[in-house]
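Hi,

Here is the structure I promised to pass on.

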Amino acid sequence: MPPRKKKIQEAVVIILDVGYGGENAGTSSSKSFFEKGKECVIGLIKKKIFSKSQELVSLILMNSEETLNDLNAREDGYENIKLAFPLREASWQLAKTVADLKPTEIDSVDALDAMAVALNYIQQEQQSDECVKLSNMVVISRFAGATDTVQANSILRQLKSMASELTIIGYGVDEIQEVSQQVESSQERSLRRLHENLAVISSMVSKMNSYGMESSALCSFEDILSHLSYFKGKSVRPTAWRVDLEIGRDIQIEVVAYKLVAEQERFEWTTQKKTENTTILAKDSENGGGGIADAVAGTADAAEGTANAGAVITEEPKSAVYRDIKAYMDVDDQGDEREVAPEDIVKSYVYGDKIIPFPTHDSETMAYESGPRSLKLIGFTKQRNVPKYILQGNGVNVLTCGKNSGAVFAALHKVLEAQQLVGIVRRVYNRNNAPAIGTLYPEVVDGKKVLTFIELPFAGDVITLKFPSLSHVNPTSEQKNAINKLIDTLDLYNPDDPDNELFHPEKTYDPDRQLMYHKFAQQILYPEDSSQSELPDHIEKLTSLPNELKEKAEPVIEDIKQVFPLVEIERKQWKKGRATNGKVDDEPDNGEVNDDGPSGAQTAGISSIFKPTVVQVTAIHPVKDFETLIQRGEDHTEVCNQLKKVILNLAKSIKEKEDLLKVIAALKTLRKSCLGENPALYNSWLREFKTLVQERDLKSVWEKIEEEKLGLISNKETANSDISEEDSYNFLQLASAQVEQELDVDMDDL
């Protein structure tokens, strides 16, 4: 076999002007040209790291105090130009190097000399590695030095031969025009030189565009920084899903499916233990492998902070990484432990108090086999029968025709579109995957006829909601007009600029992910920066109303306030009544406000409209449900019996401290309610509950009952009880002692 051809590695050379002169050249911002240049370079590096780009990056500094380049070593000139970082994949080390740069007092270096040094360096790299290709030269300079037109033409010829783009950052078209206007009214020598240099640079970019390098451009700091503020993850090439669309038994249409819209995977951070002097980083498992930062344990590449490694926390990692390993131990009668082999462990499920084993062979025989990869048409229905609110799934797939199915696919698409039909299909993505029912909509995407597949829910996935009727609400014409104006004002589509629709899904970044990228980079580059807790402006803009819309909406909102006046409703004051004979005493009391009581105004706010109606005591909020039913006037004995059943069920399934506290709270409520009504109702049931405690060895429950003094209601507490105080005390002690005695016997048996 012939040797595999090596992959071409594209390279980007960044030239950064670190000179100090011209503090705010090219911009009206308070930040200096140097500071903005640093931001651009760091943004470029971060963008390549987060996208996991394999493009090589090199950094050359002009107007530096040190001279380090091959052209200077071979001939005179090219002073104060330094190769600061050779061609490597973008890394945090390079970003840190740029972040630590300081400006110099030098401003005499010609940017064309720095470009010549960069081209010479790339040519040397290509001699040692033919696969290196210069794809873009990025120049961030104030162009304060003298510029040679002859040298500019030579650089253009070399860039053209390399098929490389040229990007000039710092002076956009508007800034260059502003400089031209200033030159007309000023005779300052440095300004005239800048104007001449910018004319040469503009000519170079124009010629590069004429050569076919259309991405070559002049960019202002504002434009480039707004682009570099947002990051994307690694771009993945769309994977084709090839299958035959089966219609009946005899018709098969070859189709190819691609994901058109897919939910972006969230960061998944894994944690690892570390010993002293061991470098460990959180790892992101996005897209199934690798991540932004890998856990590093002391390799030389990790110490350098390569593109695949994150920030190094310690400088001299020495130890290895330890992972938790779970093992199951079996204890015999003599107390000896034996590790249970994985094949001897049977998976089980707990339903209530039952443990149901589920061996592997059972799960295999009970597993649903959906069959091979397939896409079968079930039938057709009108589009109106598939409302948008029932569409589900985590994305949209588009189906296009295969190589030999163009005619039949086009015919199917035409019929569906003409008759406003959709196809209902059954999809099995791969053999024995869970089947999905979905719809096929006829659509036109980028001028091509396709069928879009969107999943439909099954019966168990549909939740029926009941909403209050608005038929009794009759807004006035003024109110309708006010709302119509608000909708028109907040319309995100601008017909004068249709390409820049606000919050367009394809142009709006996920603020959660962008914040994650920002925090991660800030923690690495500026770990001591106290402003990390502040939300950056460019991320806040992703979820904020734009200022231009806010200004337009202000008068409309004022009109809405006028036509929809808010009337303050004074609530009546109620005191909490006591249930007597199945009724509740709810007489108003002017001296006390009780928010739990009914509202005399019968307000119908959103919260009251959708507030669930309590019909019985539940295990979710037993105390709240009990009190609601009692206040409503439900039968006291019946409601108490409901609470008893809930307490018994909760006690049987106690697993955490919160479960125990819920049982005790319910017991307190039941005892307090029976204390004034019917003590016997509580006392007789508590004896049954004690039996349950003894049978199930619920020592923690009884200890809490004894601690809270929730024993039998004695005649000292109420005259309606026939239990003496001594009997009530002995009841708790006897139960406690008996539980402890049984535990002691069990321990002796062990």
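What follows is a short account of the aromatic contacts.

Before the details: this is a predicted model, in which local features need pLDDT of at least 70 and side-chain atom pairs count only at pLDDT 80 or more, while totals for chains, interfaces and linings use all residues. Residues are numbered from 1 along each chain as its sequence is written, and side-chain values use heavy atoms, with hydrogens and water left out.

I paired rings of Phe, Tyr and Trp (its six-membered ring) if their centres lie within 6.5 Å, with planes under 30 degrees apart counted as stacked, over 60 as edge-to-face and the rest as tilted. By this rule there are 13 aromatic pairs. One of them is the tilted pair of F50 and Y517, at 4.5 Å centre to centre and 45° between the planes. Because F50 belongs to helix α1 (residues 33–50) and Y517 to helix α13 (residues 511–525), this pair ties together parts 467 residues apart in sequence. Helices here are DSSP runs (H or I, at least four residues), numbered from the N terminus. F50 and Y517 are both buried, meaning under 20% relative accessible area (1.4 Å probe, protein chains only).

W92 and F520 also form a tilted pair, 6.1 Å centre to centre with 50° between the planes. That pair links distant parts of the chain, with W92 in helix α3 (residues 92–99) and F520 in helix α13, 428 residues apart. W92 is buried at 2% relative accessible area, and F520 is buried at 16%. Together with F231, the residues F50, W92, Y517 and F520 make up one aromatic cluster.

Best wishes

Methods
Helix = DSSP H or I, 4+ residues; strand = E, 2+ residues; numbered from the N terminus. Buried < 20%, exposed > 50% of the residue type's maximum accessible area, 1.4 Å probe, protein only.
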